[in-house]
Amino acid sequence: MSNPLKTRLALRSAVIILSLLVILGVLIVAASVLFLTWMETRDQQRQLEGLMSTVENTAQVAAFLEDEQLANEIVVGLMANRTVLGVAITSGEHVIAVNGPNLAGLSASALAQQYPDTLNSRLLSPFNPEEQVGTILLIPNREVIRQQVLEAVLLASGLLVLQILGIGLVVILVVVRMITRPITSISNRLHHLQVEIGEKLQSPRGNEHDEVGRLVLDVNAMIDYLVKLLNVEKNLRTEIEVNERKFRSIFENAQSAIFVCDGQGVLQSYNLAFLREFDLSPQRLTSSAPPTLFQLVGNQGAILQTALRECLDSKRNHTIEIAIGNPRRWLELVLGPDNAGSVQIIANEITALKDASAQAERRASTDALTGLGNRLGFTRRLSRLQIGEPFALLYLDLDHFKKINDTHGHQAGDRVLIKVSETLRQLARKTDYIARLGGDEFVLVLEGLNKTQTEIATRLAGNILAALDVPMTIYDDVSVLIGASIGIAFGESGKTSSEQVIQQADQAMYRAKQEGRQRYCIHSD
Amino acid sequence: MKTLWRTGPLLLALFLVMVTASQTVMAEPDPEELVLVVNPASGITSLQRTEVINLYMGRFRQLPSGTTALPIDLYDARPEFYRLLANKTLSEINSYWARLVFSGRASPPRQAQDAAEVLDIVSNNKGAIGYLRRKDLNDTVQVAANLAVWATEQTAQLEP
């Protein structure tokens, strides 16, 4: 329940005004009680003194003549007054008339002693102002006087209190009429005001030109301002919505897969192309346990994870290529960090590009005639060896190729080359690499062989020589005997250059030719 | 100062003339003045003003000697007498007595129509006391006071 003192302005001001009035009233009443008491007491005293002066002449005579009867008349007359407790008239030292409780028989001086506040007046001779003939003593009835003073003061105070209450009431009425009611009226109108249709607050009647009216004007100005602001806001929001729809449409309909994930690979948003690219149904991603990005890329998860971390750490774009699925498809992922700790990824399929490039490379390193590797392929093969891996090189040169070319034509020569390459392919191990360096020169790279395993190389060389030492049918009616010389050299990747090894093998092969052909020689340091 | 020295003797002479004139008046009393008289056998030679007031206003009923007092008013001279005695008008005196009519505590002086009657009463009553003009005096009464002197005293008191 709310405290009405805090919710009601009129009540609060009333309480404050009344409180102040009560405090003020108490002070004023207290002051006026003091003042009235003093004044009333003084009046009573004066009244008593007046009484005494009224009877003074007669009392003088009575005292002058010691006339008890006359004095008694005076005393009785004075006693008729309620404020008089007792009266005594003396003539000389004799009390000639007395009235009042416990006064009879007392001497004049005893009377004065018993009642210290006695009004005492000297009675002079009526014929000789210098002669004192007696005294008149008047004992005031303090109780009655106090009573009368109290009554007078109470009456005055009561009137004062009534006046204060009346003022308070008037002030409250004025506050209610002039302040509270206009404010309440404004408040009620504000409650039902339809600002959005441009409705304005109206000033209470009679308040148009005062503070209340100004307040209303201010409120209206504020409403105007707010409505304007709201309209601007509304237009902006519409614009933003349009833009957002536009961007969303671009995002949704992009041919590239676009998606956002956090550092843990949890997907946050994605477009249709993403679903297509990763062959996903929307249901799978909205299930209670959707797969992480790492799970979607299979064995490429580690690569992706590293790339994500680097991207977030360096705050730079990062491009990687991964292969997924079966049949295998290549995707190029461009990772870009955003400010919220997530990573935006754009994925494009590059399988065709990748295939084309691989094919081009294969073609470049392949001898078109024999299908073996060419010089480029050979060089690449050697450079691809791991550092420190040993290998053996067999350098083969046909013995009588030039003569066949000359006698049977280039076509026959080509046929010979093809047949030789077939033979080499048959004899070589699967891991061995065979290339035709040009003309009738062939090389075989035997990976993993060092000088202690010379026997494997020599056995292969022997087998090759044996296979080529029989006549070779090149046409149905033409057959030739070819023969070959082989040089063998050993190398170690990173230690000996390919040129060096080829040169060594070439030298060994030359030695074999000099020694009579159809044989092999091993290069020796 | 020079002026005073010249005029000084003249002022002194004037002063001396005035003193001499007043002594001449004192020596020859005014026959119209009022004098207070008592019976020669009363034993009174003179009365104070206060004593006279107390006797005439009813406060004292006896003379200092103990004789019952009998104050007498001279009817025509009353206004002058009370003016000289207490500086009161006759109406004030009358109202004083009127106030006391019912108490019976005191009564006003007896009225005499002329000086002869005053002389007659005073000479025949030991306690009588009266007043008359000096010209009407004879040997049957004794003068106890000169009222004109009191009047002078009163004036002196009133105008200090």
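Student: What makes the five strands β11-β12-β10-β15-β16 of chain A an open sheet, and how is the pairing described?

Tutor: In this predicted model, the five strands of chain A follow the order β11-β12-β10-β15-β16, with mixed pairing. At the edges stand β11 (433-438) and β16 (519-522) of chain A, each with a single partner strand, so one side of each has no neighbour in the sheet. Neighbouring strands of this sheet are turned by 20 degrees against each other on average, direction ignored.

Student: How do you know that strand β10 of chain A pairs with strand β12 of chain A?

Tutor: Two strands pair if there are at least two bridges between them, and seven bridges join β10 (residues 390-398) to β12 (residues 441-447) in chain A. These two strands therefore count as paired, and they run antiparallel.

Student: Why can A:Ala62, A:Ile74, A:Ile89 and B:Tyr131 be called members of a nonpolar core?

Tutor: Such a core is a set of buried residues of listed kinds, Ala, Ile and Tyr among them, joined through C-beta atoms within 7 Å. These four belong to the largest nonpolar core, which has 68 residues, and they touch the most other members. Helix α2 (residues 9-65) of chain A gives the most to this core, with nine residues. Leaving aside neighbours within four places in sequence, B:Tyr131 is in contact with residues including B:Leu34, B:Val37, B:Phe81 and B:Leu147. A second, separate core of 47 residues includes A:Leu398, A:Ile434, A:Ile482 and A:Cys521.

Student: What makes up the side of chain B that touches chain A, by class?

Tutor: In chain B, 12 residues are in contact with 11 residues of chain A. Helices α2 (49-56) and α4 (90-100) of chain B each supply at least two residues of that side of chain B. By class, this side has five nonpolar, three polar and four charged residues.

Key:
Residues are numbered from 1 along each chain as its sequence is written. Chains are lettered from A and ligands numbered from 1 in the order in which they are written. This is a predicted model: local features need pLDDT of at least 70, side-chain atom pairs count only at pLDDT 80 or more; totals for chains, interfaces and linings use all residues. Helices (H or I, at least four residues) and strands (E, at least two) are DSSP runs, numbered from the N terminus. Axes are lines fitted to C-alpha atoms, for helices over the stretch in contact, and angles run from 0 to 180 degrees between N-to-C directions. A residue is buried if 20 or more other C-beta atoms lie within 10 Å of its own, exposed if 12 or fewer, and partly exposed in between; C-beta atoms are placed from the backbone. Two residues are in contact if their C-beta atoms, placed from the backbone, lie within 7 Å. Ala, Val, Leu, Ile, Met, Phe, Trp, Tyr, Cys and Pro count as nonpolar, Asp, Glu, Lys and Arg as charged, and the others, Gly among them, as polar.
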